[in-house]
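Here is a short briefing on one protein model. Please look over the sequence and the fold before reading on.

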Amino acid sequence: MSDIIFSGLNPAQKQAVEALQGPVLVLAGAGSGKTRVLTHRVANLIANGVHPSEILAVTFTNKAAKEMQGRIEKILSDPGFNSLSNTSNPGSTARRSPLVAHPSIGTFHAICVRILRREIEHLGNGLTREFVIFDTQDTLSLMKVIMKERGINDKEIKVKAVLSHISGMKSQLITPEEHFANLNMNHNRFAQAVSELYPVYERRLIEHNALDFDDLLKQTVEVFDQNPEVLEKYRQRWRYVLVDEYQDTNFVQYRLIRQLTDTHHNLCVVGDDHQSIYAFRGADYRNILNFEADFPDATVVKLEQNYRSSGNILNNANQLIGYNQTGRKKNLWTESDPGDPIQIYEVFDEREEGQHIATQVKQLESDGQPLSQMAILYRMNAQSRAIEEALMRAQIPYQIIGGTRFFDRREIKDVIAYLRLIFNPRDDVSFLRVINVPSRKLGVATLEIVKRYSNEYGLSLFQILEHVDDIAELNEGKKFALREFREMIYRLQDYAKDKPISLLLDMVVEETNFLKWLDDGTGEGEARQQNVRELSSVAGRYDSADNSLAAFLEGVALISDLDRMNDDIESITLMTIHAAKGLEFPTVFLPGWEEGMFPSSSSQFSPEQLEEERRLAYVALTRAEEKCFISHARQRMLFGQRDFSSPSKFLSELNEDCVERHTAASKDLGFGSRRKKVNFDHPLLSRQPKTKNEAIFGIAENETEYKSGDRIKHAEWGEGTIIQVSGDVIEAAFAGMGLKKIVASVAPIERI
DNA sequence: AGTCGCTAGTTTTTT
DNA sequence: ACTAGCGACT
């Protein structure tokens, strides 16, 4: 009768889905059907009479939350499931579709926001339910201001370092007082500064009615600690709790889960200590290793059958992770065929590596594999450049995840800052961001005066504008500009009361003349305008929400780049291995397996960090379903330095029977063999070699064989004539397109 | 107020 | 090598 819930599950998965009561630990190896277990378990809970609203499922990313939501809805809306839940739950009527009542599914942060919007005023510290969320940039500018006020030199004491230290403490629930008490005689200037800044920073956040990301979790735990009756309410509401990627939890997240489940113990955590790759941001995989100690009566289920990768790929991954001392031994196995061995290529340098990948991609594509089934996963974003150039040259469409995020772009943050100020006039950080954007001729001098009054009267900067006429130091021009700004914000606030967010956003853009301000005649300005328009369409998705302004701001604060990944476009995906966790691709390319690169040089002296790198390599390998190409270069340009590199130690930890090694390096490192012809007649090239390697190997960057008068063909613009060449930059005239500047080494051009 | 040039900092990143 | 961010200059 319970076909829909149990069909297609293996015995271990079935056990995890069936054990509904009490603590359950699911150790889920890579590709072992973890999400399947989670979703079917939720369905089984509901089938057994648990009301959807009594279930809480917590994830780390929006993407994971969304996926789980979608899959649960799919099961629950299945006709087979509905008849099932009606028979086993006689109280429900046929009309009560499970879609009406949702389980609570969300990221730690999103769940905490939801709790805090109702409960934060219990803290009685001045924070109201209209609080705003400060992202990394906001906290950065707040901390800069604080340090400046206190005369702490941000050259000597790095703002970012201070914040990351504070963040670490907050996620360990260490208060400023505790940190201060821990300062010992050996304290250095940095620790000293942190102990001075931490309490001020905390106070300032409250004054701004703002919470940073750590606060979302920390303040929730605090509300629960201080108000047992509030905690009790949530314990009774969420009688069943599930946590995904449990190995990635940090201390405050662990505390929160314990708080929520300590009376009923109906907690199911799913994770894989071998895939713990976020120690650097506070994740502690010991949380998953300690689960049985925390809950001695826990049911432990190991999911060891892998449904994702071919035998050879899995063998390599298993053998590699076996080199780690810590972690539970697991034995991932598969019924799949061995498939292709992992292909390991030695190449000359990063340029040739890119070329090599591009060639393989082309080959696979012509063999009929869509680009969307391939991914290139690297250790760090800086590696993408050489690969991008090669892909561009080969005219292979690609999509990059990571780098500068859409919502971190300046123009996007500016527009959002307006919305935040409209929503919360106490938000000084947003005020300062927009007060002179677009320019209102309000400079530092004017703002200093406003700030002084703000400090003196304990009012926010915007509130001071209400009394702008009483400020004697301001001349009529400045008063006028400030009044205009104030009235505009008032108008927009009025507008926000009954208009959906997308209209409000359009109004902001119009009132501020924002698009005009962005138009600087360059392509970059155009791109910025386009970004603002895209934001408007993103906003449209929140229009139907209850309080669409609040919903939008919250969504924007908690959104990430991964959420914008587009599966529809036929293109190959480039991203870091970290970003690829949880994803899978039929074909995976893994460039840069060299000592110092992967494993990263920072793990050189730390066995713990080396193990984390190895787990990362494990994650990388287990993303691949059928084909896996690893490459390592003999020399690589990194941080402006060309260095020799040796193959990653991870390459020697693979299973020799399941790999094939190739040397693709077209050139040897021998002197002379790589000497390239450089045209020293050209005024720009007739100069001394700049780098040692250039001198030794004759490697000249920006080397181009194009000269003015040459005819070229551009993939997009058609045929054209080169007008001018400066280094790698070519200026060419294209029929009907006019003059275009292109970068020879990168652009999709060929000589005709 | 906006542009120009110098400097520092570049693992990984969610929220 | 590259870039973002800041201080100095025009």
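Leaving aside its neighbours within four places in sequence, which residues is Phe-552 in contact with? The partners are Leu-419, Ile-501, Leu-505, Leu-535, Val-538, Ala-539 and Tyr-542. The model is predicted.

**Nonpolar cores**
- The largest nonpolar core has 73 residues.
- Met-143, Leu-419, Phe-485 and Phe-552 touch the most other members of this core.
- Helix α19, residues 410–423, gives the most to this core: nine residues.
- A second, separate core holds 43 residues. Val-113, Leu-127, Tyr-234 and Ala-557 are among them.

**The sheet**
- Six strands form an open sheet with parallel pairing. Their order is β3-β2-β6-β7-β1-β8.
- The edges are β3 (104–107) and β8 (299–303). Each has a single partner strand, so one side of each is left without a neighbour in the sheet.
- From one strand to the next, the twist averages 15°.
- Strand β2 (residues 55–59) runs parallel to strand β6 (residues 240–243), and four bridges join the two.
- Within this pair, Ala-57 stands opposite Leu-242 in β6.

**Helices on the sheet**
- Helix α2 (residues 11–18) packs on the sheet and touches β1 (24–28) and β8. The direction of α2 makes about 145° with that of β8.
- Helix α3 (residues 34–47) lies across β1, β2, β6, β7 (267–271) and β8. Helix α3 runs at about 175° to β6.

**A buried glutamine**
- Gln-253 sits in helix α13, residues 251–261.
- Gln-253 is buried because its relative accessible area is 4%, under the 20% cut-off.
- Not counting residues up to four places away in sequence, Gln-253 touches Phe-60, Phe-108, Leu-217 and Asp-248.

**Cysteines**
- How many disulfides does the structure hold? The count is zero.
- A disulfide needs sulfur atoms within 2.5 Å.
- Cys-628 is in no disulfide either. The nearest cysteine sulfur, in Cys-658, is 12 Å away.
- Cys-268 counts as buried, at 1% relative accessibility.
- Cys-628 also counts as buried, at 2% relative accessibility.

Note on methods. Residues are numbered from 1 along each chain as its sequence is written. Chains are lettered from A and ligands numbered from 1 in the order in which they are written. This is a predicted model: local features need pLDDT of at least 70, side-chain atom pairs count only at pLDDT 80 or more; totals for chains, interfaces and linings use all residues. Side-chain values use heavy atoms; hydrogens and water are left out. A nonpolar core is a set of buried Ala, Val, Leu, Ile, Met, Phe, Trp, Tyr and Cys residues joined through side-chain atoms within 4.5 Å. Buried means under 20% relative accessible area, exposed over 50%, partly exposed in between (1.4 Å probe, protein chains only). Contact means heavy atoms within 4.5 Å. Two strands pair if DSSP finds at least two bridges between them. Axes are lines fitted to C-alpha atoms, for helices over the stretch in contact, and angles run from 0 to 180 degrees between N-to-C directions.
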